[in-house]
Structures are given as C-alpha cells and as structure tokens.
Amino acid sequence: MEEKLISRLESAVTRLESLSAGGFSGGGEISRDASAAGPSIAAFDDLISQYVNNVISVAENIGGQVLDISKIIEEAFNVQKELLVEISQTQKPDTAGLVAFLKPLNDVVAKLCALTEGRQSEFFNHQKTGADSIAALMWIAYTGKNCGMSMPTAHVEESWNMSEFYSNKILVEYKNKDPNHVEWVKVLKELFIPGLKDYVKAHYPLGPVWNASGKTIATNRGGPPPPQAPAAAQSSSSRPQQGMSAVFDEINSGKSVTSGLRKVTADMKSKNRTDRSGVVCVAQKESHAKKPSVTKTGPPKFELQLGRKWVVENQIGQKELVIDDCDAKQTIYVYGCQNSVLQVIGKVNNITLDKCSKMGLVFEDVVAACELVNCNSTEVQCQGVAPTISIDNTEGCQLYLSKYSLETSITTAKSEVNVLVPASEAGGDWIEHPLPVQYIHVYKDGQIVTTPMDHSGG
C-alpha cells in the first residue's frame, strides 16, 4: 500500500513538472495550463504509472529488443496523453485534419512496426505482439458510428485479440525457459485489458470529446482523406494477363462479374437461422452444387462464426468466392486455400491469409491490417485503405495498391514481394517496385552497416 502511495505521489509531481515545463514531445504546440490536466488526463497518468511502468519494469529484467519494444509502447502512451490534452483544447477536425492530428501517434506506431521488417530476429513474436497490440491506441480516431471502426472500448479489446496469436507463441516458448518473458506477456495484456479498456470505458466510451470553442487543426501535414466509395484501380499493362492477374482485371473492368459469385443471403446469418448454431456454412445453402475436393488437412469451409469471424478453409480451385455482407467489426481468416480467388466487398477489421498457394485476394478497406503468413504465389489487391499490410515467410507475392492505399505501411519478413502501384496518368500501366530480400552487411567505423541489395533490370 505504501509503495502504491509513493508511486501515485511521484506521478503527481511528474504531472506538475510537465505542466510547468510546457512543450509537446509529439511535435505539436499545446497550451499546457493547469486546466488541461482534468480528471481524464490524471487518470491516464495513473494508467501509465500503474500499467506501462510495469511493462518497462519487467522488460528491464529481459533487456535487449524486448526492452526496446516496451520503450516504444511507453512512448506511444505518452504521445496519446499529449493528444488527449490537445483534444480538450481543439475543435473536432475534418478527415484531413484528423490525419494530421494523429500523425505523431502514427509515427510511433510505425516505428514499432518497422522492427518486424527484414530478417526475423529471435524476438519476432515479441515484436509482432507489440506492433499488433499498440493498434489499440487508435481508439482515439473514433468519430462516430459511421466511421468504420468499432466503438472505442471494443476496438481496444479487438486489437489485443489480434496480438494474442503471437503472444501465445511467447507463452509456449518460454513457459519452462524464462519466466520473465511469460510475465512480460502478462503485464502487457493487463496494460490493454483491463487497463486501457477500462480507462476508455470510463472516460471516452463514445470517443474523444473535442472542444467546440477551441482552436482548429491545420491540415497541411495530412495525407489524402480515405475514399467514401473507392474506385477500383484500372490496369492496362502491356503484358499479357494470365491466371489470377486476369481475374483481377476482370474484377476491375466494371463488368457484371459478381453475378455468379458465392454470396451470403439473409437466411444464412446466425440471427435468422432456426438451428442458432452460430455457424453459417455456405455448403448447406448450396448442397446441390459441386463440392470442392477435400484436402489432407480437412474439409472445405466457408462460414461466419458467431457473427464475428469469417473462416475460409481448404478451398481448391474456387475462383468465385465473395464476402459482401460484412462489417468493420468482423475478421476474415483464410487457411489452406489453393488456386482460388476471394473478393471482399466492404470494410472489415482484419484479413489473414495463412498457408495458401496460388491464391488471389481482392479487398476494399481494412481497419487494422491485412496479413499473409506462410503463403506461396499469392496476388493481393487493395482497392481502398489498409493501414498495415504484413507479409511473413511468403514466396512470390504480387501486391497491388490503389491510389488510396499508397501510404500503407508494408512490413515483410523472409518474403519475396513485388509492390505494384498505379501510374500517375489515367489509364497508365502498373509501376512495379520489388522489395529487397537480400541485404549487404559491412563492418564500418566500429559497427555493422546493413543496406538492401539493389534490384537492377537486365
């Protein structure tokens, strides 16, 4: 009890010192008067003192890259605190203004995502856990029920759930090896759940509370606003289109290509079914259709589980798969599919392709990320906005970005990736940018200097 009291007093002193010192670590100019430190800011300081400091304390017992990850998480929380102070003094911005406002936080998030790029380190699972969980701080971007995000509290919980795939790997690896790593996962989870989740629920359940009579935000730092109805990028490459590239071109052509696609109807949703099993299986709706072959890993699946997670598994040679009855709270998991194409119409939270080969994916918008893991010969086209596209241990990925997704953060690890972007002129060819997979390491001036190997045309 005495230690907690001392900790809270130290936190209060730190707040008073910061208020008198002024300044903004995120790069903005904020008036740091006493009125800015309202109950919500004081509670956020307590969140940092109680939970973030626990993460740092445990990470110091491990050191190295785990400590680096933890310090970036600490930095992100400090930046969010500064943004919350600014919100109390600022009018609600438009979309472009919001992009400019969130730039300091986005920069820190990008710093953590950058650690997952390139050659996988010994602590890759820690890096991914940190990078995925830190997305919870983007609850601050919630602007209303039509903004495409889950409510702030739900967003925090969903972001941690995304990171559990990697955090569970840490628990398994270090269970009987090093208890410090197990404890690190424990305190990191406590930071987000219940820590950040309870904080948001108590102070900002409906999103940030802007000051109607406050200052305005300049938009010159921001990028283009996300599209209301993103148009499909047009491809007119002089190279002959074959395989999935031809399918992509057909989808982009504007023709009535969805007429034969597999769709989910109202009677297939969990809430409308008599069995109430929580699983909607397309095979039940199309029992008269020819069933795809069963792979060694299991039967094919195409179903919505508990209204939250689409599962597409073991689809072989199915090039007319489509999910068009989805929302921003749902995730899509595609596993073990071969020689197939999936089109996602609308906005979802997250898309993951795992152990797929010769697979094509066309999607519009994702709230969190699109991830490829252990795939071969894949083609992915983003027609709208995706904050992050992660490609891990994947050979031969063609990634097509629309004009709306050019600011996407792309992370790669042990993967061969070509990124294709639309030409600046209308109707121009795709411009290809191979991402480096080989690096040159030189010992220079007392340290190892690493540079990517250039790709040169023959």
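Student: What makes Lys189 count as partly exposed?

Tutor: Its relative accessibility is 36%. Buried means under 20% relative accessible area, exposed over 50%, and partly exposed in between (1.4 Å probe, protein chains only), so Lys189 counts as partly exposed. This is a predicted model, where local features need pLDDT of at least 70 and side-chain atom pairs pLDDT 80 or more, while totals for chains, interfaces and linings use all residues. Residues are numbered from 1 along each chain, and side-chain values use heavy atoms, leaving out hydrogens and water.

Student: Why is the pairing of Lys189 with Glu164 called a salt bridge?

Tutor: The closest N and O atoms are 3.5 Å apart. The rule asks for a side-chain nitrogen of Lys or Arg within 4 Å of a carboxyl oxygen of Asp or Glu, so the pair qualifies. Lys189 sits in helix α7 and Glu164 in helix α6, 25 residues apart; here helices are DSSP runs (H or I, at least four residues), numbered from the N terminus.

Student: And how do you know that Glu164 is partly exposed rather than buried?

Tutor: Glu164 has a relative accessible area of 23%, so it falls in the partly exposed class. Glu86, by contrast, is buried at 11%. Glu86 pairs with Lys215, with the closest N and O atoms 3.9 Å apart.

Student: Why are α2 and α7 called roughly antiparallel?

Tutor: They pack at an angle of about 175°, with axes 8 Å apart. Axes are lines fitted to C-alpha atoms over the stretch in contact, and angles run from 0 to 180 degrees between N-to-C directions. Under 35 degrees is roughly parallel, over 145 roughly antiparallel, 65 to 115 roughly perpendicular and the rest oblique. So α2 and α7 are roughly antiparallel.

Conventions. Helix = DSSP H or I, 4+ residues; strand = E, 2+ residues; numbered from the N terminus.
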